[in-house]
Amino acid sequence: MPAQRKYPPELIERGVRMVIEMRPDAPGRSGIVRQVGELLGIHPEVLRHWVNKADTEAGQNPHAVATVTARVRQLEKENADLRRLNGILKAAAVLFAAELESGQVT
């Protein structure tokens, strides 16, 4: 049985919306999440998590985009290495098969 949510989705949506609306008014001010969390009775870390998730879904979280981009680059490099190694293994298999057919195995 899944754990029950402590906060209703409507309350979380309202908190996220309030934080997003307050950020442009106070760009250098920290503590907006804590202030809204206290106002609505939501733990600040829970609200921060949902705000970060909303930012990521909206494409506004540059850290998440950078992390995804770095991971894609890493996987592309790994894929290229695996393709190269696969080619080497195929060539070796052909070489060994040719030796077996000609009976030159030592």
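**Entry 1: confidence**

What pLDDT does the chain average, and what share of the residues score at least 70? I began here because the model is predicted, and where pLDDT is low, the predicted coordinates should not be read in detail. I noted that the chain averages a pLDDT of 85, and that 84% of the residues score at least 70. I then looked up the helices, and found that confidence is highest in helix H2 (residues 32-40), with a mean of 91, and lowest in helix H3 (residues 44-57), with a mean of 87.

**Entry 2: the overall fold**

I looked next at the secondary structure, and I found four helices and zero strands in the chain. Reading along the sequence, I wrote the pattern down as α-α-α-α. I also looked up burial for the chain, which has 106 residues, and 16% of them count as buried.

**Entry 3: helix H1**

I turned to helix H1, which runs over residues 9-22 and so has 14 residues. From its first C-alpha to its last, H1 reaches 20 Å, which is close to the 20 Å expected at 1.5 Å a residue.

Which residues of H1 are buried? I listed Ile12, Gly15, Val16, Met18 and Val19. They cover an arc of only 160° around the axis, and therefore they sit on the same side of H1. On the other side of H1, I found Glu10, Glu13 and Glu21, which are exposed.

**Entry 4**

I searched the whole structure for salt bridges and noted four of them. One of these joins Arg23 and Asp55, whose closest N and O atoms are 2.9 Å apart. Where do the two partners lie? Arg23 is in the loop between H1 and H2, while Asp55 is in helix H3, so that the pair, 32 residues apart, links distant parts of the chain.

**Entry 5: salt bridges within a helix**

I looked at Glu38 and Arg34 next, whose side chains meet in a salt bridge at 3.9 Å, N to O. Why are these two separated by about one helical turn? I reasoned that it is because Glu38 and Arg34 are four residues apart in helix H2. Glu38 has a relative accessible area of 55% and so is exposed, while Arg34, with 43%, is partly exposed.

In helix H4 I found Lys77 and Asp81, which also lie four residues apart, about one turn of the helix. Their side chains meet in a salt bridge, at 3.4 Å from N to O. I noted that Lys77 is exposed, with a relative accessible area of 56%, and that Asp81 is partly exposed, with 29%.

**Entry 6: a nonpolar patch**

Which residues make the nonpolar surface patch of about 270 Å²? I found that Leu82, Leu85 and Ile88 make this patch.

Technical notes:
Residues numbered from 1 in each chain as written. Predicted model: local features only at pLDDT ≥ 70, side-chain atom pairs only at ≥ 80, totals over all residues. Heavy atoms only, no water. pLDDT = per-residue confidence, 0-100. Patch = residues over 30% accessible without salt bridge, like charges linked within 9 Å, V, L, I, M, F, W, Y side chains within 5 Å. Areas by Shrake-Rupley, 256 points an atom, 1.4 Å probe, with all protein chains shown as cover. Expected span 1.5 Å × (residues − 1). Buried < 20%, exposed > 50% of the residue type's maximum accessible area, 1.4 Å probe, protein only. Arc of directions from axis to C-beta.
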